[in-house]
Amino acid sequence: MSAAPRLVYATTPAAAGTPRLLLASWHFPPGDATGALRWQRLAPFIAERGWSLDVLTADPSELPRRDDSRLAELPAGVRIFGVTQPRLLRDRVEKKALALKRRLRTPVAGAELPAPSRAAGRAPATPDSFARTEVGWIPRRPRDLLRAWFAAGDYARYGAWATAVVEAGIAIARDQPPSIVISCGPPHMAHDAGRRIAERLGCPYVMDLRDQWRLWERLPEALAHPLWWGLAARYESKAVARASLVVTNTDRARLTMQQQYPAQADRIITVLNGYDDEPLPPATSDGVFRIAYAGNIYLDRDPRPLFRAVAGLIARTPADARVEVAFMGEVRSFDGRTLESIAADEGIASHIRLYPPRVRHEALRFLATAPVLISLPQDSVMAIPSKLFEYIRFPAWVVTLAEPASASALFSSDIGADLVWPGDVDALTALLVHHFHEFQSHGRPEPLARDTRFSRREQARRLLDRLAPLLAGRRVAA
């Protein structure tokens with residue numbers, strides 16, 4: 001028997017009889033992940049419609065970091081329930097195997113340690129990530145079998161959590177049944193939880209794909225196995241078949257999903273993340289031409305084209321020019337190498353600054369110091385990094401490194417940001433040199449967030465207008 005869901009936070013209760021939405025999402029405040037922002041920012045618009053929101057999310061006590069200041073931004077009628085991650089037998093087996101591996105690698109007392117390798121800091125034999133086209137079912141080395149094990153474990157862990165979410169959702173519904181069940185992922189097994197809750201309650205179900213699932217192009221090395229994508233296809237197709245509405249966050253993703261599921265094409269829509277109207281910290285200037293990046297560096301976010309362009313910028317500016325490349329987030333390494341060593345290879349070691357992850361208001365203050373905000377390249381042609389929507393609110397030049405036909409490129413062109421193909425280092429160098437001289441002569445530019453089509457309010461209106469008929473149908477059925 002599963003434990004009762006733990007109420008971790010509640011705002012002022014909504015009026016009796018208020019239509020209630022039930023959201024299953026691993027990421028939600030007080031979690032501080034970027035993925036928590038989407039429904040945190042949609043919550044006020046839900047309240048404006050006269051609806052309330054229950055959220056089933058990861059138990060905050062188990063999160064590596066949290067930002068309780070986000071809770072104060074939630075409107076009336078929001079309740080947050082923490083669902084504990086069940087502990088699996090395979091987790092204990094992996095933990096013991098890892099401990100044994102470490103003991104076997106520990107040198108015997110008094111033994112002579114090997115000399116440091118001359119290749120220290122160089123790229124490892126195994127990359128940090130693989131595209132789906134780079135992996136196959138036939139194992140070629142023992143690590144391929146391990147990746148199958150880890151891929152299965154990823155679904156087992158989040159699947160166990162999804163089952164706990166289902167039981168929690170049913171328990172909540174006994175007192176206050178929801179009008180609509182919504183899931184948001186990744187982690188994508190939240191969609192399986194949402195589907196199962198909706199089936200048991202007989203509710204309309206809405207599937208919100210914050211990122212693609214079976215169509216995701218690249219995975220971390222440990223998970224990159226066809227089994228992961230095979231399970232994604234299985235679970236995604238079941239969720240899409242049950243969904244009254246499937247929400248993607250870019251038009252490229254919507255079109256691809258409609259091709260994948262033609263029978264459900266009219267139920268698949270686009271709702272961008274959008275930019276917010278929240279107050280920003282004032283832009284500050286210390287005279288440094290700072291190129292800033294906020295977020296994580298992983299998978300395909302290759303910083304090397306940027307570093308090479310910055311080296312070209314430094315060579316084309318006065319010797320006393322103050323140029324800095326600043327990163328905030330999980331940015332210690334890329335492809336097995338530290339960012340400092342990569343920067344040293346490009347000759348800009350003294351110009352790089354790395355900061356650990358910070359809570360959101362500190363990250364915004366960091367971005368406010370930079371006249372240039374950069375979006376690093378990514379393999380996914382269907383995704384728009386959510387940081388782009390934040391970047392365009394600052395008085396800064398927004399530079400996107402992206403393939404020309406990608407969703408990021410199309411959005412950047414629409415909004416007026418600078419777009420550069422990641423392989424064209426000369427073009428990026430010329431652009432940075434141009435903005436450096438603009439900064440020296442005229443200061444910082446005006447923000448790009450002027451088109452209300454891309455505001456969070458407009459995107460919320462699109463979504464909630466599609467939810468309203470589902471609510472009406474649910475009330476009639478009840």
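Two strands count as paired if DSSP finds at least two bridges between them. The views below show a predicted model.

**View 1. Strands β3 and β4 pair side by side.** β3 covers residues 52-58, and β4 covers residues 78-83. The two strands run parallel. Six bridges join them. Look for A58: V83 in β4 stands opposite this residue.

**View 2. Eight strands make up an open sheet.** Read across the sheet, the order is β1-β4-β3-β2-β6-β7-β9-β10. The pairing is mixed. Which strands stand at the edges? They are β1 (6-10) and β10 (268-270). Each has a single partner strand, so one side of each lacks a neighbour in the sheet. From one strand to the next, the twist averages 20°.

**View 3. Helix α5 lies across β7 and β9.** This helix takes in residues 226-242. It runs at about 135° to β7.

**View 4. Seen here is the second largest cavity, with a volume of about 30 Å³.** Searching the whole structure turns up two cavities of 30 Å³ or more. By type, three are nonpolar, two are polar and two are charged.

Conventions. Residues are numbered from 1 along each chain as its sequence is written. This is a predicted model: local features need pLDDT of at least 70, side-chain atom pairs count only at pLDDT 80 or more; totals for chains, interfaces and linings use all residues. Side-chain values use heavy atoms; hydrogens and water are left out. Helices (H or I, at least four residues) and strands (E, at least two) are DSSP runs, numbered from the N terminus. Axes are lines fitted to C-alpha atoms, for helices over the stretch in contact, and angles run from 0 to 180 degrees between N-to-C directions. Contact means heavy atoms within 4.5 Å. On a 1 Å grid over the protein atoms alone, a cavity is a set of points where a 1.4 Å probe fits but cannot get out, and a pocket is an open set with protein on both sides within 12 Å along at least five of seven lines; lining residues have an atom within 4 Å of a point. Grid points are joined across faces, edges and corners, and a volume is the space filled by probe spheres set on the points. Ala, Val, Leu, Ile, Met, Phe, Trp, Tyr, Cys and Pro count as nonpolar, Asp, Glu, Lys and Arg as charged, and the others, Gly among them, as polar.
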